[in-house]
Amino acid sequence: METRLDLTTLNEPQVEAVLHGPGPLVVFAGAGSGKTRVIVHRIAHLVLDHGCPAWRILAVTFTNRAAGEMKERLDRLVPGAARDLAVGTFHSTCARLLRRHSQDLRLSRDFAIYDDADQKAMISRVLKDLSLDEKRIPPKMVASIINQAKNEMQGPEDVPLTGLDAERIREVFREYEKRMAKANALDFGDLIYQMVRALEGNEALRMQLAGRFVHLLVDEFQDTNHAQFRLVRALASVNRNLLVVGDDDQSIYRWRGADRRNILDFRRYFPDAQIVKLEQNYRSTKRILRVAHAVIEKNVDREPKQLWTDNPDGSKIKVLRCGSERDEAEIVVRAAREQVSAGKPLRSLAVFYRIHAQSRVLEEALRAARIAYRVVGGVRFYDRAEVKDLLAYLRLVSNPEDDISFLRVVNVPTRGIGKTSIDRLLDDAATQGTGVWAAAKRAAESKNGSPIAKFVELIETLREKAPALLSEGAKPSGEALGLADFARLVLTESGYEKSLTDENTAESDARLENLASLVGSMQEFEDSEGEDRPSVTAPSLATPDDAPSEKPGLLTRFLETVTLQSEPEDANGDKKDQVTLMTVHAAKGLEFPRVIVVGLEEQLFPFRGVNEGEGPEELEEERRLAYVAFTRAEESLTLTWATSRYVFGNLRLGTISRFLDELPLQDIEQRGEGTSPRPFTESPYGSRSSSFGGYGGSSGGGSSGYPSSGSSSYDKGSMPREGSLGYGDGFTRRSLHGIAPIKSEPPKEKEIAGFKKGMKVRHVRYGVGKVYSVEGGTPPTVTVDFPGHGTKQIVAKYLEPA
DNA sequence: GGATTTTTTCTTTTT
DNA sequence: GAAAAAATCC
């Protein structure tokens with residue numbers, strides 16, 4: 001075919017996918033096989049060679065970052081085309097479409113989007129109002145049931161529930177839905193669920209939308225859940241030009257309802273779909289691919305396949321045994337220094353871990369070594385209390401029915417609206433069957449000048465000041481107030497800023513700074529939206545004939561962007577020269593010349609939670625996760641594990657991950673220097689913490705026989721059976737036997753603030769008890785067994801020796 | 001009624 | 001070892 005697009009940089013199957021004609025196509029794209037390249041080239045091809053207007057092409061991704069990257073790369077290929085292209089995550093795309101068609105769907109155009117915390121707050125409210133015990137029916141559990149149900153396109157009436165509390169939970173679900181509707185709020189699951197309901201239940205709407213998008217491209221299709229599949233099916237139902245791309249080996253969101261069958265059985269729903277397989281890897285060395293393959297090939301539920309590459313063998317994969325998580329962090333620091341001394345940028349080094357909690361130690365070490373780093377995800381900026389407070393004010397202005405936001409800020413800063421007044425409001429709302437805002441207005445009317453009346457007035461005044469921000473069509477009255485200016489106004493008028501300024505502590509200063517940076521990001525948003533350049537992550541989804549008045553206001557759009565992206569866009573984030581730290585999940589889709597994966601221990605990676613039975617499915621997903629982690633590396637891959645680690649502030653022994661034991665010996669290089677594993681200095685049994693059970697629990701238990709005398713020499717006799725480093729599973733494992741860990745701390749007899757195990761102590765309330773264990777930490781705590789009161793954890797300073 | 005201090009709980013992974 | 005919840009103090 002004659003093309004204006006340069007296709008000489010693509011291999012044969014890639015070209016096939018790019019030039020594919022009408023009809024469905026599924027591309028199986030292995031790690032590093034040029035998946036994004038294919039999508040971007042195909043879009044460019046559709047625009048350049050078929051003259052398809054960019055706004056009639058919809059590309060859907062899972063993360064904002066992937067959406068952004070797609071736009072960027074398209075813009076380089078076809079300058080200008082990216083502007084009109086509809087690219088976004090599943091969630092942002094649905095949010096946009098729902099707003100645009102809100103009238104048809106009997107939804108408020110300015111509906112709020114509730115994140116997990118908001119959702120949990122709402123569930124707690126419902127539980128309280130139905131007088132159900134949060135201990136018996138934890139909000140978290142209900143949330144997970146509700147989310148799962150929506151992923152499966154089930155509502156309260158058709159979700160299958162079993163168990164004693166099944167009907168109670170169903171009632172909570174039902175009531176939750178009512179409250180959400182009343183609050184003009186949708187949760188994450190709703191965005192997809194409601195959109196699918198709308199499309200499937202409204203023929204005209206489906207024809208309109210599916211007719212509008214001539215081409216539909218979906219990335220990471222292996223991670224779609226049932227609802228998302230139905231969405232794609234509906235949107236592709238008219239033109240059927242559907243391209244889905246994915247790799248079943250990289251499916252890592254089973255817990256979120258992802259179903260690999262969606263890609264594996266794609267032809268069941270689209271029997272005429274063509275199939276293209278991309279199997280050449282351009283990213284990694286041969287050794288890295290072999291090591292990654294060694295882990296993934298053990299999966300039973302998997303299509304056998306193997307990536308190949310023309311790249312060199314590369315250096316051996318380093319497998320390092322460390323004495324503790326601090327030693328692991330030291331490895332990271334050393335690697336960063338090596339980068340610098342080798343004249344390579346820090347940005348080419350990335351560190352992956354299984355869970356966020358592992359980042360702190362790494363951060364501390366890097367900070368101490370004065371090495372620039374950034375953490376992707378983790379403690380989110382938008383999760384900080386002060387940021388949530390300001391956002392709650394803004395949300396309340398945008399949508400006064402938002403009960404959760406109302407309750408969050410009604411007394412922040414304190415304005416004399418205490419528990420009693422709030423309970424009265426809630427009571428009134430419940431008996432009158434209205435939202436809290438309406439109840440507050442009633443209260444304000446009946447009692448002029450009351451604190452509640454003042455608060456209602458505050459919100460209403462703020463609303464009046466920003467008509468242009470609330471509705472795009474509205475004419476700005478007088479001088480138009482900008483988004484950032486408005487936020488500043490909220491901060492002063494509410495007294496929030498003053499309360500922080502008055503506090504005048506290091507912490508309040510930090511909060512003010514965070515608020516300033518939030519306002520700054522609002523300014524940025526305002527500037528980029530003002531130019532009418534669709535922001536990178538927000539698909540415009542606007543057709544030329546859309547009336548402007550249908551467009552939600554700037555404030556609503558900002559709030560949506562903020563909720564649907566977990567962290568503020570940092571335009572230079574990738575450009576700054578710093579080491580990147582993130583979870584393996586966050587790493588999907590990225591690549592780095594040098595990668596370190598830490599914490600490769602049983603129970604941690606593969607992860608095993610508290611009461612999860614170790615089902616084969618879970619383990620297979622952990623393998624895919626490891627596969628994703630390893631295949632991010634281009635040239636150098638280092639894998640570390642630690643023989644001991646603090647979990648929850650308690651020391652746990654770790655055993656080497658089975659994944660490391662499975663690696664081909666000729667491709668790895670093992671190291672571990674220093675002294676013996678750090679012994680237990682406190683009881684691993686029976687203490688409160690051991691009920692956590694998961695990490696290091698049973699399999700580490702056999703290791704408590706380590707000497708607690710400070711032998712610094714490697715004491716073979718004290719090790720568990722020859723050839724097995726304390727694996728409690730009865731398997732003897734080869735490798736790493738006899739290799740001592742890299743550095744380790746000398747054993748210490750734990751004595752915290754003068755307390756030792758076994759001694760008698762006195763407490764003001766509980767009287768005399770016996771010290772069960774000392775925990776350390778800040779503040780130092782001691783577990784004490786008080787006869788008649790049971791075992792308590794007490795901060796050391798409230799105890800005295802008896 | 002509200003702030004402060006103390007105790008308990010919590011942790012996989014994310015839109 | 002932090003955040004939420006509960007208990008206690010003012």
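I began with charges over rings. The charged end of R99 sits over the ring of F111, 4.0 Å from its centre. I counted a charge as over a ring if NZ of Lys or CZ of Arg is within 6 Å of the ring centre and within 35 degrees of the ring normal. R256 does likewise with Y253, its charged end lying 4.5 Å from the ring centre.

Ground rules next. This is a predicted model, where local features need pLDDT of at least 70, side-chain atom pairs count only at pLDDT 80 or more, and totals for chains, interfaces and linings use all residues. Residues are numbered from 1 along each chain as its sequence is written, chains are lettered from A and ligands numbered from 1 in the order in which they are written, and side-chain values use heavy atoms, with hydrogens and water left out.

Then I looked up ring pairs. Rings of Phe, Tyr and Trp (its six-membered ring) pair if their centres lie within 6.5 Å; planes under 30 degrees apart are stacked, over 60 edge-to-face, the rest tilted. By this rule I have eleven aromatic pairs. F221 and F229 have ring centres 6.2 Å apart and planes at 55°, so this pair is tilted. F221 is buried at 0% relative accessible area, and F229 is buried at 3%. For burial I used under 20% relative accessible area as buried, over 50% as exposed, and in between as partly exposed (1.4 Å probe, protein chains only).

How are the rings of F605 and F659 set to each other? Their centres are 5.9 Å apart and their planes at 85°, so the pair is edge-to-face. The pair links distant parts of the chain, 54 residues apart: F605 is in the loop between strand 15 (592–597) and helix 28 (616–630), F659 in helix 29 (residues 658–661). Helices (H or I, at least four residues) and strands (E, at least two) are DSSP runs, numbered from the N terminus. F605 is buried at 0% relative accessibility. The bond from F605 to P606 is cis, with omega near 10°.

Last, the cores. I took a nonpolar core as buried Ala, Val, Leu, Ile, Met, Phe, Trp, Tyr and Cys residues joined through side-chain atoms within 4.5 Å. The largest has 52 residues, and L391 is among those with the most contacts inside it. Helix 17 (residues 385–398) gives the largest share of this core, eight residues.
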